[in-house]
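This report looks at how the parts of one protein pack together. Please keep the sequence and the model side by side while reading.

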Amino acid sequence: MHARRLVAGTLAAGALALSLTGCGDSVEPIERLGRKTTHAPDTATATPSPAPPSAAGSPAPGGASDEAYKKWGLTAPVQYAPKPAQKPALPKPEAGKARVVDRIPVPAGEKIVFLTFDDGAEKDPEFQKMAADLKLPISMFLTDSVAASDYGHFEKLRDNGSASTINNHTLTHPNLRTLPFAAQKHEICGQQERLEKRFGQRPPLFRPPFGNYNDDTLRAASECGVSSVVLWRVSMQITNFQYAEGSALKPGDIILAHFRGPSELKGSTETQMATRMLQRIQEQGYRIGRLEDYL
């Protein structure tokens with residue numbers, strides 16, 4: 001188990017290193033968080049808003065309208081993987097620690113990948129429309145310091161019929177490996193509490209900023225009610241993917257993207273970036289699954 005965790009951490013670090021190199025069309029990473037909350041977050045007066053019953057299920061293949069893909073610059077409909085009959089066997093976590101996941105074991109022959117978006121600095125209404133039209137199942141990992149200025153934006157993304165979810169990405173986006181256990185627990189549990197207050201649920205999934213974690217992180221996450229620490233193998237830049245290994249998607253890959261705007265995407269919009277991401281997934285013959293259906 002310790003060896004598997006080291007491999008997971010190494011691969012995640014590799015994916016992150018690729019995203020930070022500045023090579024190709026890389027951008028200044030939103031991992032730096034860009035624009036922070038500039039006004040009082042909507043958590044102050046909001047009533048907890050639990051996910052609707054439909055969010056517990058999986059988006060049905062073909063759930064998007066037949067013409068939606070054309071509206072958003074795609075040449076074919078996005079293909080979705082149905083919810084599996086049973087969840088795959090994943091390594092059991094060590095006692096008192098959250099499990100680390102960086103790729104999902106999917107059935108042989110199944111070309112499925114998973115979409116995750118981090119941080120929450122950009123709140124693009126056009127992307128909100130795109131995600132709703134295409135019924136994109138997105139696992140969102142939100143950082144309070146940038147997302148809290150408009151948690152309602154992400155609530156709409158969650159509740160658009162795609163069965164998207166809202167998860168934990170800490171309060172302030174620190175490098176957790178540099179912090180003692182108590183400070184890590186504050187970052188993770190603090191965001192659990194804020195998300196529960198705002199959305200009515202404590203997320204079971206957590207992503208450490210920069211993909212950086214240690215045993216204290218896994219222990220703190222578990223004590224905060226997290227079941228899985230979710231990393232990635234592929235990161236989306238402006239026009240293309242960067243890979244932790246190889247030069248193509250692999251079945252079960254978890255794709256990292258960010259809620260980014262033109263200032264971080266060299267003039268491109270979040271919607272344009274997402275269109276290119278979906279094009280690359282289609283070009284490689286993959287379907288999109290809902291991460292939570294497999295965890």
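Which elements do the buried residues of H5 pack against? The model is predicted. In it, the buried residues of H5 pack against H3, strand E3 (138-142), helix H4 (144-147), strand E4 (165-168) and H6. H5 is mostly covered, with seven of its eight residues buried. These are Tyr-151, Gly-152, His-153, Phe-154, Glu-155, Leu-157 and Arg-158.

**Overall fold**

The secondary structure of the protein comes to eight helices and 10 strands. Of the 295 residues, 54% are buried. Take the contacts between residues at least 6 apart in sequence: 78% of them join residues at least 24 apart.

**Two helix pairs**

Two packed helices are described by the angle between their axes and the distance between the axes. The table gives both values for two pairs.

| Helix pair | Angle between axes | Distance between axes |
|---|---|---|
| H3 (residues 125-134) and H5 (residues 151-158) | about 15° | 9 Å |
| H6 (residues 181-199) and H7 (residues 215-223) | about 45° | 9 Å |

Start with H3 and H5, which pack at about 15°. Angles under 35 degrees count as roughly parallel, and H3 is therefore roughly parallel to H5. The crossing of H3 and H5 is right-handed. From H3, the contact takes Pro-125, Phe-127, Gln-128 and Ala-131. From H5, it takes His-153, Lys-156 and Leu-157. By class, the contact of H3 with H5 has four nonpolar, two polar and one charged residues.

Now H6 and H7. Their axes meet at an angle of about 45°, which makes H6 oblique to H7. The crossing of H6 and H7 is right-handed. On the H6 side, Phe-181, Gln-184, Lys-185 and Ile-188 take part. They meet Asp-216, Thr-217, Arg-219, Ala-220, Ala-221 and Glu-223 in H7. By class, the contact of H6 with H7 has four nonpolar, two polar and four charged residues.

**A closer look at Gln-184**

Is Gln-184 buried or exposed? Gln-184 sits in helix H6. Its relative accessible area is 0%, so Gln-184 is buried. What does Gln-184 contact, leaving aside its neighbours within four places in sequence? The partners are Leu-176, Leu-179, Asn-214, Asp-216, Thr-217 and Ala-220. Gln-184 and Tyr-213 are 29 residues apart along the chain, and their C-alpha atoms are separated by 9.7 Å.

**Aromatic pairs**

How many aromatic pairs does a search of the whole structure find? The search finds seven. One of the ring pairs joins Phe-114 and Tyr-294, with centres 5.0 Å apart and planes at 70°, so the pair is edge-to-face. Phe-114 belongs to strand E2 (residues 112-119), and Tyr-294 to the segment after strand E10 (287-289). The pair therefore ties together parts that are 180 residues apart in sequence. Phe-114 and Tyr-294 are both buried.

The rings of Phe-241 and Tyr-243 have centres 6.1 Å apart and planes at 65°, so this pair is also edge-to-face. Phe-241 and Tyr-243 are buried too.

Ring pairs also link a cluster: Phe-117, Phe-127, Phe-154 and Phe-259. Phe-154 is among the buried residues of H5.

Terms used. Residues numbered from 1 in each chain as written. Predicted model: local features only at pLDDT ≥ 70, side-chain atom pairs only at ≥ 80, totals over all residues. Heavy atoms only, no water. Axes fitted to C-alpha atoms, helices over the stretch in contact; angles between N-to-C directions. Helix = DSSP H or I, 4+ residues; strand = E, 2+ residues; numbered from the N terminus. Parallel < 35°, antiparallel > 145°, perpendicular 65-115°, else oblique. Left-handed = near helix turned anticlockwise from the far one by under 90°. Contact = heavy atoms within 4.5 Å. Nonpolar A, V, L, I, M, F, W, Y, C, P; charged D, E, K, R; others polar. Phe/Tyr/Trp six-rings, centres within 6.5 Å; stacked < 30°, edge-to-face > 60°. Buried < 20%, exposed > 50% of the residue type's maximum accessible area, 1.4 Å probe, protein only.
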